[in-house]
Amino acid sequence: MKNTYSTFLVAASILAFGVISASAQPILRGSIYDAESKQALIGATVFVPGTALRASTNKSGTFRLQLTTAPDSVAISYIGFKTSIVKGDALKAALNDGLRLALTPSEASLQNVVVSASREAQLRTDAPVAISVVSAKMLDETKPKQLFEIMNKVPGVMMVNLGNEQHMMAIRQPFTTNSYFLYMEDGIPMRAAGVFNHNALIEMNMLAVSSVEVVKGPASSLYGSEAVGGAVNFITMRPTAVPSLKVGYQGDNFNYHRAQINGGGMLTENLGISGGGYYALQKNSWMTGTDFSKISLNLRADYSFSGSTKLILSGAWNDYTSQMGGSADSAGFYNRSYQSLADFAYRKVKAGRIRATLEQKWDDNNESFLTAFYRTNSVGQLPSYAFKRVNNNPTLAHGQINSNDFTSYGVIAQHNKKFDFLHSKIIAGISLDYTPNSLWAYYIRLDRNPQTGIYTGFTERPDSLLTSYNAYLLNSAIYAQYEFVPVASAEHLKLTLGARYDRLDFRFVNNLPPSAWTGAPSEQRAFNAFTPKVGAVYDMGHGSGAYLNYSQGFCPPTISQLYSGVKVPNLQPAYFNNYEIGGWTSLLDETLYLDIALYQMDGFNELVSYLLPDNSTETRNSGQTLHRGIEFGLTYKPSDEWFFRFGGTNALHQFVKYQTSEAVRFDGNRMVGAPDVTLNTELTYRPSWLQGLRVSAEWQYISPFYTDNANKYLYNDVTLFGLRGVSFMNIRAGYRVQNFEIFLNAMNISNELYATNVTRGNFGATYTPSAPRLFSFGVQYNFAGKE
């Protein structure tokens with residue numbers, strides 16, 4: 001009995017000592033967020049130097065670190081950000097009250113965390129693809145009036161400004177309106193496959209964007225059709241870790257005005273919101289017929305049920321109205337008259353998107369997400385690009401008024417699993433997108449002044465229908481990607497195998513009377529595509545590495561290409577095979593970074609408008625093209641005051657096989673709008689002697705390019721520095737004091753005359769002139785509170 005009592009006392013003493021000891025062990029809690037965007041950083045590491053004690057932030061950016069004793073210091077690190085050390089009184093306060101720390105982005109680093117290469121967060125240097133990131137800092141300091149101002153900073157990207165946020169794109173392609181680029185918002189395509197619009201980014205709220213990721217080259221193995229030249233993913237603002245608010249005004253000297261507001265924060269420990277938008281208005285600008293207005297709104301809410309489960313609800317609405325003045329003829333362009341050819345042409349866009357995403361982290365090796373989304377979209381227009389002159393009557397032309405509308409209902413589900421075997425990981429998912437689409441168009445008669453070339457009016461003919469149909473599109477897909485280390489002794493080598501199977505079903509209902517069908521009756525058809533990808537990446541250490549990949553992209557014909565005419569062509573998807581090798585390195589104590597990619601992309605089954613003997617045209621899958629080039633980017637940050645960026649591409653875009661009639665071939669010719677070289681470089685100065693001031697100079701260069709398939713006409717005007725093609729410079733300056741910021745962007749500072757869109761037809765060349773010297777200015781109030 002005595003021994004039992006003694007044993008009980010010893011056990012109780014040990015238990016009490018353990019409880020006391022455990023209660024004496026300090027716990028560090030807190031949250032980590034981005035100093036620029038104020039958004040929580042997910043996966044940041046909090047650790048005690050020299051020990052194995054560490055923790056990671058969860059989906060809300062919070063962490064809990066169990067300590068043995070009070071440490072001398074705690075370090076916080078995150079890829080692409082400067083490591084921070086907390087010690088002394090700051091650490092003591094954090095142990096008592098919790099740690100809230102803002103990490104500063106490392107401006108020159110290649111070590112970005114990206115999500116677009118695999119639909120999940122990974123190191124930029126772990127992805128065997130060419131991918132570039134536009135950071136929150138770059139977005140904030142550029143203060144873009146239009147998206148092309150930020151997109152053209154990306155090496156290998158040229159977004160052609162068509163005015164009033166209208167645009168074309170060039171990523172491993174010439175300047176084009178073809179459906180070879182996929183635009184996404186938070187990984188979800190902004191439009192359904194088959195209803196591509198090259199002006200889709202009109203439907204984007206640029207002020208809701210936190211960062212932009214550009215995957216260059218085919219990404220169809222993950223995202224499906226249209227991701228041929230590249231995929232552009234706009235990452236929207238998440239709720240900020242601290243209350244934040246930005247209110248501002250931006251305008252220019254040509255009567256552009258924009259009022260804007262953005263903000264967010266945590267309403268409770270688990271619920272955060274972000275949102276905002278802008279209203280833009282332009283009247284009587286430097287070119288006639290270019291008035292426009294736009295309302296753009298975004299709202300998002302994130303709710304964390306726990307550290308491993310999160311629900312995201314977001315919505316976007318854009319209401320856009322613009323005149324479509326069209327281009328200027330050569331006389332008007334070179335005389336700088338800036339007189340558009342029509343002031344009654346217009347485009348009206350109403351676009352909304354809603355999504356709900358449930359994210360679940362089951363354990364350290366398993367994660368899933370499920371996204372349901374809805375789109376509504378309407379584009380009504382009297383388009384100037386559809387004006388067609390009559391050969392024997394200079395006072396007459398033909399045109400149309402049309403409306404293209406769709407709604408979408410879709411689901412994307414994905415699961416990611418890690419294995420110990422070969423240190424591997426598999427990503428697998430499904431995607432469903434159902435989109436009813438309608439289009440109608442009727443004829444209008446245009447009146448034209450033959451002396452000035454200006455269209456003076458039009459007569460509507462609503463009874464003269466050109467097109468009227470309903471189409472029902474179902475895009476179903478399954479995809480998978482497997483990453484693994486093939487040799488245990490070569491753990492720095494990682495291979496990636498990916499593939500996606502797409503099926504696109506069309507059901508077409510022609511609403512025209514049977515007498516007007518002429519070969520376009522109602523029908524059903526389907527397109528199938530299997531797109532593989534193989535890649536390898538090797539981390540050489542010390543900030544250097546290399547990768548190679550083979551990938552395939554495909555692009556089915558759009559609904560309008562199939563059914564807008566009276567004849568239905570027998571078309572198949574276009575395919576592109578991409579072969580690529582690239583690498584990166586850091587030098588000079590990680591102050592200089594170089595990124596480079598060499599590629600060749602071969603296109604097959606591309607669409608050609610073929611002239612038949614009876615002078616009618618037929619669309620055929622008979623085109624073959626070659627795209628070969630090198631993309632390069634360099635950043636250098638020798639000090640906190642200076643930052644230098646240089647990037648561009650040197651590329652060949654060529655017809656391999658391109659026949660437009662029995663007698664006309666363009667095999668071997670350069671493609672239209674395909675400059676050999678595009679460059680963009682910028683030098684930024686932030687003086688230490690005046691905190692809050694920044695000044696930068698940006699130079700853009702585009703080499704001469706052909707404006708016709710026969711390569712008879714070359715756009716090679718002399719511009720800044722005596723360079724032929726396009727050469728101009730922008731100067732930006734801003735000053736922030738406390739919560740207020742003022743800025744001035746002097747665009748095309750030397751007032752160069754240039755155009756990046758030149759078209760040539762039977763009646764000569766037309767030019768889309770870029771703006772003369774323009775001063776964009778504004779003021780902004782920035783507020784960032786405390787928890």
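Visitor: Which strands each supply at least two residues of the nonpolar patch?

Guide: In this predicted model, strand S26 (393-419) and strand S27 (424-448) each supply at least two residues of the patch, which covers about 800 Å² and includes Tyr 409, Val 411, Leu 432 and Tyr 434.

Visitor: What makes Arg 760 a charge over the ring of Tyr 713?

Guide: The charged end of Arg 760 sits 3.7 Å from the centre of the Tyr 713 ring, and the distance criterion asks for CZ of Arg within 6 Å of the ring centre, together with a position within 35 degrees of the ring normal. Arg 172 likewise lies over the face of Tyr 599, at 4.2 Å from the ring centre.

Visitor: How do you know that the radius of gyration of the chain agrees with that of a compact globule?

Guide: With 787 residues, a compact globule would have a radius of gyration near 28 Å, and the chain has 28 Å, so the two agree. Along its principal axes, the C-alpha trace spans about 120 × 60 × 45 Å, and buried residues make up 53% of the chain.

Methods
Residues numbered from 1 in each chain as written. Predicted model: local features only at pLDDT ≥ 70, side-chain atom pairs only at ≥ 80, totals over all residues. Heavy atoms only, no water. Patch = residues over 30% accessible without salt bridge, like charges linked within 9 Å, V, L, I, M, F, W, Y side chains within 5 Å. Areas by Shrake-Rupley, 256 points an atom, 1.4 Å probe, with all protein chains shown as cover. Salt bridge = Lys/Arg side-chain N within 4 Å of Asp/Glu carboxyl O. Helix = DSSP H or I, 4+ residues; strand = E, 2+ residues; numbered from the N terminus. Rg over C-alpha atoms; globule rule 2.2 N^0.38 Å. Buried < 20%, exposed > 50% of the residue type's maximum accessible area, 1.4 Å probe, protein only.
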